[in-house]
Amino acid sequence: MNWLNGQIMDWEPPLHFASRFNGEDIALLHSGLCEQESGEDSYLFVTPLCTIESEDWDALEQKLSFSNDILPDWVGYLGYGLRERDARSATGRLHFPNARLVRYAHLFRFYHREQRITYAHRETIPALSLPAKQKSQDQPPLQLQTLTSNLTRAEYEKIITATIEQIHAGNFYQANITRKFFGECNSTPDSLSLFHALCDASPAAYSAYIRHGNTSILSASPECFLRITPDGTIAARPIKGSARREAAPKQDHIAKEALRESSKNRAENLMIVDLMRNDLARVSTPQSVRVKEHAALYSYSTIHHLISSIEATRRPDIDNLAVIRACFPPGSMTGAPKIAAVDWCTQVEPLERGIYSGAIGWINKDSCDLSVVIRTLILDGKHFEFQVGGGIVADSTPEEEWRETITKARGILMALGLDEKA
């Protein structure tokens, strides 16, 4: 796809540039951290033309149409609720459709290495008159009125214990158990400023900001779900295996090496790699699935991760949506085998996950780039929610898994102005 045939503009960082459109409905796919195979470009989409919302895959596929325009056809999210097994109506305190995809009129692409911006617009739409730069304004400190979770520590650890028993009984090998947090601010926060704070606290290659009316999605995801190129190459980079970053360099190095050598975390990662290989094999040409990198260690501002990289070649008789659907929801957020793990998670988690554990990004007829919805804050007016979890295997311990949920919440907590103790 050629996104280079538009106007070339002087460099301005994506987060600052997006403030020109603060208050408007926009989508910013922000690469806030450059790493292997990702993080080089950011994309700002402006002026929605049409929106598709859906509660299930079949209805979504019927509504989607694709063009030959130079811009991505659809930008938005595919929520975990699109999965086709035992969906419940209770998603929590914020209610979003299972999927929302938007076609935008204008695109700004930011090339971080070259520090330049290109602009393109749909052929049927006039060029955009660029708003003036906004003067930076000091935002009042965010004040939270409430912050609660749907599971206490005792309740979460009880579920972990039951999950380990299910694993020992042979019902599945791994399950990703999660818990929600809910909160309310004293007033409606400036969601773009809050996204700035999240990016500062937790820079990530797959950050995303999507504003729709009074709601916003703020994601600092480090994980690629699926990238498909027009030539049929499919890439996935599942994450499994985590360790907390420590302030002291010596202790941080110890934590990193312990993760690298951890048989438990490497087992988590291997199971998800096998799951992704199986998902991709269903939609790929024979013998094209290959593991490019296995359990490589990557360090982020608040956490260390083990990440693997898997590639395959899409079958010529399979379209883009069929690939996404075959791999959905992301295996790193379910467990293995996927169906058994999903069924168990549905049974023991009190609330639907909603958007969390789904995917964010853009989709075209022959290509896509989607992240996994983790490290994500969801806003609706003064109210917000976020969710965290971890993969449970046979040698997991309830206390360690509880602590991992706090580690994974650190970036969001920092953006909200809280520390872990609070």
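Pro 329 sits in the loop between helix H7 (320-327) and strand S16 (335-336). This is a predicted model. The peptide bond that joins Phe 328 and Pro 329 is cis, with omega of about -5 degrees. Another cis bond joins Ala 336 and Pro 337, and here omega is about -10 degrees. Pro 337 belongs to the loop between S16 and helix H8 (338-348). Most peptide bonds are trans, and most residues other than glycine have a negative phi.

Backbone phi gives the next stops. Thr 47 has a phi near 70 degrees, a positive value in a residue other than glycine. Thr 47 lies in strand S3 (residues 41-54). How accessible is Thr 47? Its relative accessibility is 30%, so Thr 47 counts as partly exposed. Arg 375 also has a positive phi without being glycine, near 50 degrees. Arg 375 is placed in the loop between strand S18 (368-372) and strand S19 (376-380). Is Arg 375 buried or exposed? The cut-off for buried is under 20% relative accessible area. Arg 375 has 13% relative accessibility, so it counts as buried.

Now turn to strand S9 (residues 206-212). Six of the seven residues of S9 are buried, so that the strand is mostly covered. Which strands pair with S9? One is strand S2 (residues 26-30), which runs antiparallel to S9 and is joined to it by four bridges. Within this pairing, Leu 28 has Tyr 209 of S9 as its bridge partner. Another is strand S10 (residues 215-221), antiparallel to S9 over seven bridges. Here Tyr 206 is opposite Ser 221 of S10. S9 and S10 form a hairpin, with two residues between the strands. Gly 213 is in that turn, and its phi is positive, about 65 degrees. In a regular strand, side chains alternate between the two faces of the sheet.

The last stop is helix H9 (residues 398-415) and its packing. Two packed helices are described by the angle between their axes and the distance between the axes. Take helix H3 (residues 153-168) and H9. Their axes come within 9 Å and cross at roughly 125 degrees. H3 and H9 are therefore oblique to each other. The crossing of H3 past H9 is right-handed. On the H3 side, the contact is made by Arg 153, Tyr 156, Glu 157, Ile 160, Thr 161 and Ile 164. H9 contributes Pro 398, Glu 399, Glu 401, Trp 402, Arg 403 and Thr 405. What classes of residue make up the contact of H3 with H9? Five are nonpolar, two are polar and five are charged.

Helix H4 (residues 191-201) packs on H9 too. The axes of H4 and H9 are 8 Å apart, at an angle of about 135 degrees. H4 and H9 are therefore oblique to each other. H4 passes H9 in a right-handed crossing. From H4, the contact uses Leu 194, Ala 197, Leu 198 and Ala 201. From H9, it uses Gly 411, Ile 412, Met 414 and Ala 415. The contact of H4 with H9 has seven nonpolar residues, one polar and no charged. The contact of H3 with H9, by contrast, includes five charged residues.

Terms used: Residues numbered from 1 in each chain as written. Predicted model: local features only at pLDDT ≥ 70, side-chain atom pairs only at ≥ 80, totals over all residues. Heavy atoms only, no water. Axes fitted to C-alpha atoms, helices over the stretch in contact; angles between N-to-C directions. Parallel < 35°, antiparallel > 145°, perpendicular 65-115°, else oblique. Left-handed = near helix turned anticlockwise from the far one by under 90°. Contact = heavy atoms within 4.5 Å. Nonpolar A, V, L, I, M, F, W, Y, C, P; charged D, E, K, R; others polar. Buried < 20%, exposed > 50% of the residue type's maximum accessible area, 1.4 Å probe, protein only. Pairing = 2+ DSSP bridges.
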